[in-house]
Amino acid sequence: MNAYKEQVRQEWTESAGPWGRWHARFAEQFSGVTELLVAAAAPTREMRALDLACGSGVPALPLARRVGSLVATDLVPDMVKIVADSARAQGLGNLTTQTADMEALPFEDAQFDLVTCRFGLMFCPDYGQALREIHRVLKPGGRAAFVVWAAPDQPFFNATSGVLMKLAQLPAPPPEAPSPFRFAKPGSLSDALSRAGFAQRDERTHEVSMPFHGTPAQMWEVYSDVQRAIFRRFEVALGPERYQDAVKQIRANLEAHFDGKSVNTPARIHVAWGVK
Ligand SMILES: C[S@@+](CC[C@H](N)C(=O)[O-])C[C@H]1O[C@@H](n2cnc3c(N)ncnc32)[C@H](O)[C@@H]1O
């Protein structure tokens with residue numbers, strides 16, 4: 001495993017505990033995003049599906065209710081275990097799990113009718129390789145569906161981690177380097193699907209409301225726990241005092257987006273699909 005991927009594996013292993021703890025909260029807040037992905041995936045009961053970078057189980061768990069069978073995979077064994085435990089608890093006997101790097105999928109050619117990946121492809125050092133792997137394991141006519149972030153200048157990031165990004169003034173990663181915003185440029189994921197051999201493809205940008213049903217203090221508790229590995233990097237870069245200023249600003253932003261019931265920080269995403 002190369003050094004970058006080992007770092008990704010370690011950071012997400014560290015995040016697995018909080019992701020498992022707060023899964024229900026995040027699944028609810030991001031449900032609009034999941035609905036758009038499920039619509040792009042067009043699942044049917046006859047399908048054998050594969051979810052990549054499954055994290056704590058979205059969209060794997062809701063999708064398993066809509067397809068014949070589903071294999072949920074992630075680079076990080078602790079994430080895969082969360083999904084296996086949830087599937088068992090929810091009686092989803094058609095969901096199996098496997099640790100897998102999406103750049104080297106441990107499956108024979110032409111095994112799946114559907115591949116999904118929400119907020120995962122952007123972390124691959126060689127996303128072209130991942131897309132070729134997805135294409136390889138799809139049956140002819142099979143479909144792949146993705147969600148990626150649009151540009152960071154959007155309410156969700158401006159209210160939260162964008163505060164840290166601005167204060168730290170870290171240089172923007174080179175366009176081809178892995179980052180959450182790797183496919184922010186409209187059409188870039190659709191172009192990548194084309195290069196990987198997908199015959200038909202589509203990409204659309206959506207504004208999605210993402211209400212956090214709770215107080216700003218509760219959202220901060222959840223969010224700072226889930227993002228702790230990233231926030232620690234910012235704390236080192238900024239020093240403790242400036243980091244605490246940023247935290248104050250984020251908490252004030254969450255208050256400003258609170259309507260008395262929910263914290264409303266809409267997101268902008270791209271949803272793309274391709275057919276083999
Ligand atoms: C932002 S989370 C997305 C989780 C879930 N799909 C969701 O939308 O809530 C990113 C996930 O990508 C996984 N990941 C990163 N690089 C990967 C790779 N090369 N192959 C498979 N999974 C990877 C991480 O372990 C992490 O669980």
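## Basis of the model

The model is predicted: local features need pLDDT of at least 70, side-chain atom pairs count only at pLDDT 80 or more, and totals for chains, interfaces and linings use all residues. Residues are numbered from 1 along each chain as its sequence is written, and side-chain values use heavy atoms, with hydrogens and water left out.

## Ligand shell

The ligand is surrounded by 18 residues, the closest being Ala53, Asp74, Asp101, Met102 and Arg118 (a residue is near if one of its heavy atoms lies within 4 Å). By class, the shell holds 14 nonpolar, one polar and three charged residues (Ala, Val, Leu, Ile, Met, Phe, Trp, Tyr, Cys and Pro count as nonpolar, Asp, Glu, Lys and Arg as charged, and the others, Gly among them, as polar). Helix α1 (residues 3-21) gives the most to this shell, with three residues (helices are DSSP runs of H or I, at least four residues, numbered from the N terminus).

## Polar contacts and burial

The side chain of Asp74 places an N or O atom 2.6 Å from an oxygen atom of the ligand (a polar contact is a pair of N or O atoms within 3.5 Å). Met102 uses a backbone N or O atom, 3.0 Å from a nitrogen atom of the ligand. The protein buries 96% of the 600 Å² that the ligand exposes when taken alone (Shrake-Rupley method, 1.4 Å probe).

Definitions and conventions:
Polar contact = N/O pair within 3.5 Å; in protein donor to acceptor, adjacent residues only side chain to side chain. Helix = DSSP H or I, 4+ residues; strand = E, 2+ residues; numbered from the N terminus.
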